[in-house]
Structure formats: structure tokens, C-alpha cells
Amino acid sequence: MQLTLWTYEGPPHIGAMRIATAMEGVHYVLHAPQGDTYADLLFTMIERNKKRPPVTYTTFQARDLGGDTADLFKSTARDAYERFKPEAMLVGASCTAELIQDDPGGLAKALGLPVPVVPLELPAYQKKENWGAAETFYQLVRTFAGPYALPPGTKREPRAAGVRASCNILGPAALGFRNRDDLKEITSLLGEIGVDIKVVAPLGARPSDLARLGDADFNVVLYPEIAGQAATWLQRTFDQKTVKTVPIGVGATRAFIEEVASLAGVDASHLLSPEASRLPWYSRSVDSTYLTGKRVFVFGDATHAIAAAKVASKELGFTVVGLGTYSREFGREMREAAKLYAVEPLITDDYLEVEAKVHELQPELVLGTQMERHIAKRLGIPCAVISSPVHVQDFPARHSPQMGFEGANVLFDTWVHPLMMGLEEHLLAMFREDFEFHDDAAPSHLGHSKVREASKATTPIADAAIASAAAVATASDADVSVVEAPAIISGWAPEAEHELAKIPFFVRGKARRNTERYAAEKGIATITIETLYDAKAHYSR
């Protein structure tokens, strides 16, 4: 363990809470100290649920440790059943209570409650939130679908002629990134393909729904981090195929349609129209040439990061210069994906390592989590959020999916706008001293007689300085690609950093790299303003 200001995932009992909160008729009794009740705020304040999660805490305090905390758990579990009357109960311990070793599963079993009780063994000091969610969902699926399992070695009966194919949608959960909107989009798409949906789980499912999972012909796994383990068990137990294509981006959505149609035995070619999303049209337009080759760094959970890198590279023409995940369980998949872009995968849950990598690569766009938003803002780099963990602004009230053709439109808007707005900011900087636009000028709609009091002094930016600095940034891509990065990175004098800051942020990274390369070649230890302009002259020849 390590002390940190930020974590990409909480302990595994938070994952269990995500499953319990997503489902109906399930209650979670958590053996935990008083301080662990903070987790409620994740669902009520950040996800903005209208009800608190179905969790009861034992909330033992320091003085209780001298007594019988096992009795405290048993009385809490009994009271929770009497109050909420759930169809099923989950019982487990938080990371702190795990040290007490009270065995919540055994204690709950001894109570003889008249509903199924699913004990959770979640090793808090070895595993994290997504693993906890996947393990909880898997245990629930085994508990309720297990009694209906096919005898070992038995194959499924073929679907009767004329009967529509059916599937389960697995993976959407509480606190998931745009899970609600993705589910709506994919439900509609499956209906257009001609496939019925038997069960959606865990989101909105009851324990009795899990018992019907074996009735479907196949499973659609939208989020492997949550449902991959359960889907593997269902395939082994009920001989159900699994759709593994995650439909993020136009290309992946078409591949998803083809895979589903193949398993369902239907023709879905009418859904493969190239104009189903506006993203392909824009990528072919002359305006998109501004985006071609933009250097992008991608980090998040494995599913979203791998999909985002593919969309960025294949559908928007970006150059992926960095790719990584905090999902160590999906390290193999991440390494395979990184090979496609000839980059070294960054597999870590330390945000400081991620920040160092972004600083080293100086990309022109960062696609990541809420933490990468903070990192990019600190470094002056445009950013878009593509993955959990996220804050309240990424649980929008509006429909904003990431999956399907409409999801591709959302990606197009979300990723392109930070880059395009750079042009506007550049123009504002160029004309900052204009009589109409300078900081002391009154808003034009108020007239010239009402002049605002100056809030701060401004420093003029000469057109020549901007033109010179921009020239460094716009050195040919060919020059950048054929010369390897220098082994020694020169330091920057404060006045040189200040001058560099005048360059539009969407090309500032290239200016920095070119100048540092020039300084390294010349053996310059500290980059000054003169070095910056010498580099400009060198690359302008």
C-alpha cells in the first residue's frame, strides 16, 4: 500500500456497492467502521442518484473493538433484513473491517435468514474496485443461475425455426462511465437488428432476473471489466456464445452489428450505412486535415482506452503516442493494443507516473479520466474524458452515449472541439491589444461610455513574437519524424518558458520538442529566449 492523494479505483467493497446499487431487490450489509460511510456520496452527489445506495453499515467505532464486533454485525444484518425485506443479501467487510476477521459470511449464514445470502470474499489489500464489482456480479450470477445449469457436457437445444434470437446485455452498472446512455443506444440497435433482450444485468436486474440468464441464445458484454468473468461462466455452463466486440466508434459498431447478426442468423446489412454517423463524413472533409497527425495520449480503463486509441487512429487520423490503463487485470490486452501503434504501454495506477509520461510526450490532446483532465490542465494541453473515474460533469442529465453510431457523434464532438477551440484562443491572443478587445475594453453591447475598471495589467504580445514562435512550432513533420529524440533534455530559463507560453497551446508541444532537440544537438544546457529564436531560424530554412 502507499499513501496517495488520488486513486483510480477504490477498494473492492466499492465495486460490490456498485453492483448492489445497480440492481433491484438486493441489499448489502457491510462490516465497516464509521468513516467508511463516505461511499454513499459517490452515488448521491457524483452520479446524482435520487436514492441512496442499498447498503447498511455496522459502523463500529474504536470503543467497540474491545467488545464483540461479531454480535454487532449479526444484529445489523438481522435489522437490515427486517427493515428492507430484500430478495437477496450481500454480506462482506470493508478494507478496515477485514483486519478484524469476523467472517461476515459465516455470521450471516448462522442467522438463518429466509432469503439467499451471498458472502463476498474481497481481498482489499490485493484487489481493487473493478475486480470487486466483477467478483460480486459473478457470485450473484452463480448463485441464482447455477441451479438451472445444463448437465455437464450437454449442448444447447437449437433455436426453433421462426423464433427470434435473444440475448442478455451484461456489464452496465452504477458509477459506470455513460453506462445508462450506452445501454439505451445498444438496446435500440439490437432491436433494429432483430434480436430480443432477455435480461440486462446488473443495471436494473432483480435476483429473479439472474435466474433467467440461461434462457438467452447469447450474451453481449459491453464492459468486460465488470461482466467478463460472469460471461465466461455462462458460456461454460449454458453453452452461450459471447459477443466481445465493444461498439465504441463507427468501425467497431459495424463490427458489433456483424457479429450479433451472425450469432442471431439474420441479415443486418441495412444497418451498415456509412452515413449512420457524422464522424466519417467529417473525417473525409477538407476541414479535418487540421486534425491529421495530431499527437494523442490515451489512458483509462482498458475497454475505453483501447477503443479510444482505435477511434483516434483509424477514424480521426490522430497519431497515438501513448496508451495505458490502470486495469492491471487487462495488461495482456493492453500490451497487444499498444503494439498496433508502436508505443510502450503504460500499465500503472500511480497518477504521478501518468503525469510524468504526459509531460515527457507533450501530446496535443489527452484522452483520459478525471485525473488526466487535471494533469492536462496543469500542462496546458487540451483534454477530453473517456473513462471512469469521473466527476459530476461526466454524469450528464442529457443523453450522451459513447457506444453505437450516436456515441460516435458524441466522441467526434467531445474530442475535436478542444482542438478547434485552440484556434479561437489563438486569435484572441493575437488581438488582445486591439482597441475593441483589450482587457480594459467595455463589452461592445454596453457602448464606449461604460469602460470597465482594469482588473490587471496586460503585457503586449507583438505580432512578430507570435509569428516567430509559431514558426518553431510548425517545423515540418518530416523533420520531427526522422530525427530521434535527444538523450539529454535541456533545462528552460524562466524567461524562455514565458516566451514559449505565448505560442498557441495546440502547437506549443511541437515548439518545445523542436527547441529541446536543437539545444541538445548544440550542447546547450539551458534554453534561453535566444535559443528559442535560434531554433526558429534553424527550422525555418
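Trainee: How many helices and strands does the protein chain have?

Mentor: Helices (H or I, at least four residues) and strands (E, at least two) are DSSP runs, numbered from the N terminus. The protein chain here has 20 helices and 15 strands. This is a predicted model, in which local features need pLDDT of at least 70 and side-chain atom pairs count only at pLDDT 80 or more, while totals for chains, interfaces and linings use all residues. Residues are numbered from 1 along each chain as its sequence is written, and side-chain values use heavy atoms, with hydrogens and water left out.

Trainee: What percentage of the residues in the protein chain is buried?

Mentor: A residue is buried under 20% relative accessible area, exposed over 50%, and partly exposed in between (1.4 Å probe, protein chains only). Of the 541 residues in the protein chain, 52% are buried.

Trainee: How many salt bridges does the structure hold?

Mentor: A salt bridge is a side-chain nitrogen of Lys or Arg within 4 Å of a carboxyl oxygen of Asp or Glu. By that criterion, the structure holds 20 salt bridges. One of them joins D209 to R212, with 3.0 Å between the closest N and O atoms. D209 is buried, at 18% relative accessible area, whereas R212 is partly exposed, at 32%.

Trainee: Which residue forms a salt bridge with K294?

Mentor: The partner of K294 is E364, and their closest N and O atoms lie 3.7 Å apart. This pair links distant parts of the chain, 70 residues apart: K294 lies in the loop between helix 10 (279–284) and strand 9 (295–300), and E364 in the loop between helix 13 (351–361) and strand 12 (365–368). K294 counts as buried because its relative accessible area is 8%; E364 is likewise buried, at 6%.

Trainee: Where in the chain are R373 and D394, which also form a salt bridge?

Mentor: The closest N and O atoms of R373 and D394 are 2.6 Å apart. R373 belongs to helix 14 (residues 370–379), and D394 to the loop between strand 13 (383–385) and helix 15 (404–430); the pair links distant parts of the chain, 21 residues apart. R373 is partly exposed, with 26% relative accessibility, but D394 is buried, with 7%.

Trainee: Which residues are linked in a network of salt bridges?

Mentor: Salt bridges link K128, R328 and D349 in a network.
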